[in-house]
Amino acid sequence: MAFMFKAGDYPEKPGCYLMRDEQDRLLYVGKSKNLRSRLRSYFHTNHKSKRLRELVANIARIEVLLVNNETESLLLENNLIKIHKPPYNRALKKDNSGYAYLMLTDEEIPRLAVHYRDRREPEERIAATAAPGKRFGPFASARFRNELLEFVADHYKLRSCTKLPKRACLLYHIGRCGGICEGHMSREEYIEQVRQVSELLFDGNKDALVARMYAQMTEYAEQLKFEKAQNMLSHIRNLEKTPEQQIVDRETDLMQEVLYFGEDTVLVAKVQQGMLRELQLHGLDGGGEAACDRFLIRRYREQQLPDELIVNRIADPAAVRRALRRPADRSRPALVITLPKRGLKHSLLQLCKQNYEFRMEAAAAAAAKR
């Protein structure tokens with residue numbers, strides 16, 4: 001039976017859409033800042049591409065994941081394509097494509113480099129592989145990322161070579177490297193520059209970064225280094241065009257699940273290493289906070305226990321933790337259960353609430369039409 005698209009079933013909000021066939025296989029992942037408008041274009045356009053016509057003909061269901069802004073939709077689409085590799089997606093499938101981080105490597109003479117995340121499941125990773133360094137990002141804008149790299153090269157002179165050479169290269173002679181390889185900068189001076197870059201990029205936020213750059217620009221001007229001051233101002237202008245803040249792809253090693261409990265259903269968001277991977281809707285056995293506790297105990301007794309559960313309702317967190325404590329896990333830290341009132345975890349919970357309410361409204365509308 002052909003899929004019947006109804007524009008009114010989809011919101012005019014940013015998000016990602018997952019197109020599936022009759023066997024519920026994922027065919028295609030896309031994103032838009034206006035989901036209704038984007039999805040309408042698939043069904044109200046005569047497509048010249050045979051591949052696109054074939055995709056539309058195979059659609060049996062469209063799942064929607066709502067986000068807060070266009071930047072989140074870009075990053076979520078990037079991760080979902082790399083994780084699932086849908087057959088009708090061509091771009092972004094390779095791990096070294098899409099949106100990258102900046103990484104300060106843990107080498108003896110550190111460097112700042114572009115880094116792409118490993119999106120494989122934890123059990124698929126090589127256990128002996130340690131984190132390669134300190135990461136900053138990800139960047140939905142390659143221009144923003146490259147501006148940061150250029151800024152660091154201009155003002156902190158960190159090396160960018162993959163292998164430390166024996167002699168200074170062209171970058172030293174044009175003033176974009178301190179020449180640590182040939183001793184033009186001492187190891188102590190270099191490590192101090194690394195510390196300043198780490199503090200500037202990794203220990204603050206965009207506003208703090210721009211404020212520090214304005215201060216550096218003023219210092220250059222007071223020293224009559226007008227060319228450097230102008231160069232700094234150029235970087236600042238570009239960095240101020242940074243994309244919106246986002247919460248769907250963050251830098252953390254935690255395995256988290258975010259659960260938004262409603263009256264008789266719960267929406268579960270799976271978040272691994274800071275990446276939102278999927279949303280699942282489940283029914284509850286009864287009502288009230290006791291039903292929330294029963295769901296948590298039943299669900300996590302039967303599957304891998306995450307590091308943290310972020311919830312909006314729970315009756316007895318201590319009892320849930322005791323019930324889920326396994327003899328084989330004695331060496332692991334106790335399960336963390338969080339009911340956030342503010343901050344990033346609260347924002348994740350609000351994102352779940354937004355998706356929960358959309359799915360409940362869609363289900364109610366579908367039931368009313370029967």
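Q: At what angle do helix 9 (residues 288-301) and helix 10 (residues 317-324) pack?
A: The axes here are lines fitted to C-alpha atoms over the stretch in contact, and angles run from 0 to 180 degrees between N-to-C directions. Helices are DSSP runs of H or I with at least four residues, strands are E runs of at least two, and both are numbered from the N terminus. With their axes 10 Å apart, helix 9 and helix 10 pack at about 20°.

Q: Is helix 9 roughly parallel or roughly antiparallel to helix 10?
A: Under 35 degrees counts as roughly parallel, over 145 as roughly antiparallel, 65 to 115 as roughly perpendicular, and the rest as oblique. The angle for helix 9 and helix 10 is about 20°. That makes this pair roughly parallel.

Q: What sort of model is this?
A: Residues are numbered from 1 along each chain as its sequence is written, and side-chain values use heavy atoms, with hydrogens and water left out. Local features need pLDDT of at least 70 and side-chain atom pairs count only at pLDDT 80 or more, while totals for chains, interfaces and linings use all residues, since this is a predicted model.

Q: Is the crossing of helix 9 and helix 10 left-handed or right-handed?
A: Look at how the near helix is turned from the far one, by less than a right angle: anticlockwise is left-handed, clockwise is right-handed. For helix 9 and helix 10, the crossing comes out right-handed.

Q: What share of the residues of the protein count as buried?
A: Zooming out, the protein has 11 helices and 11 strands, and its C-alpha trace spans about 75 × 60 × 40 Å along the principal axes. Buried means under 20% relative accessible area, exposed over 50%, and partly exposed in between, using a 1.4 Å probe and protein chains only. Of the 370 residues, the buried share is 45%.

Q: Are the rings of Phe5 and Tyr10 stacked or edge-to-face?
A: Rings of Phe, Tyr and Trp (its six-membered ring) pair if their centres lie within 6.5 Å; planes under 30 degrees apart are stacked, over 60 edge-to-face, and the rest tilted. That rule gives 9 aromatic pairs. Phe5 and Tyr10 have ring centres 5.4 Å apart and planes at 10°, so the pair is stacked.

Q: What is the angle between the ring planes of Phe151 and Tyr156?
A: Both of these residues, Phe151 and Tyr156, are buried. Their aromatic pair is edge-to-face, 5.8 Å centre to centre, with the planes at 75°.

Q: Which residues do ring pairs link into a cluster?
A: Phe5 and Tyr10 are both buried, and they belong to a cluster held together by ring pairs.

Q: Is Leu224 buried or exposed?
A: Leu224 has phi near 65°, a positive value in a residue other than glycine. The residue sits in the loop between helix 7 (206-222) and helix 8 (226-239). Its relative accessibility is 60%, so Leu224 counts as exposed.

Q: What is the relative accessible area of Asp24?
A: Asp24 also has a positive phi, near 65°. You'll find Asp24 in the loop between strand 1 (15-20) and strand 2 (26-32). Asp24 is partly exposed, at 37%.

Q: How far apart are the C-alpha atoms of Tyr356 and Phe261?
A: Tyr356 lies in helix 11 (residues 343-369) and is buried, with 9% relative accessible area. Beyond four places away in sequence, Tyr356 touches Tyr260, Gly262, Glu263, Thr265, Val266, Leu267 and Leu281. Although Tyr356 and Phe261 are 95 residues apart in sequence, their C-alpha atoms are separated by 8.8 Å.

Q: Which residues does Leu55 touch, not counting those up to four places away in sequence?
A: Leu55 is part of helix 2 (residues 50-58). With a relative accessible area of 2%, Leu55 is buried. Its partners are Met19, Leu27, Tyr28, Tyr42 and Tyr88.

Key
Contact = heavy atoms within 4.5 Å.
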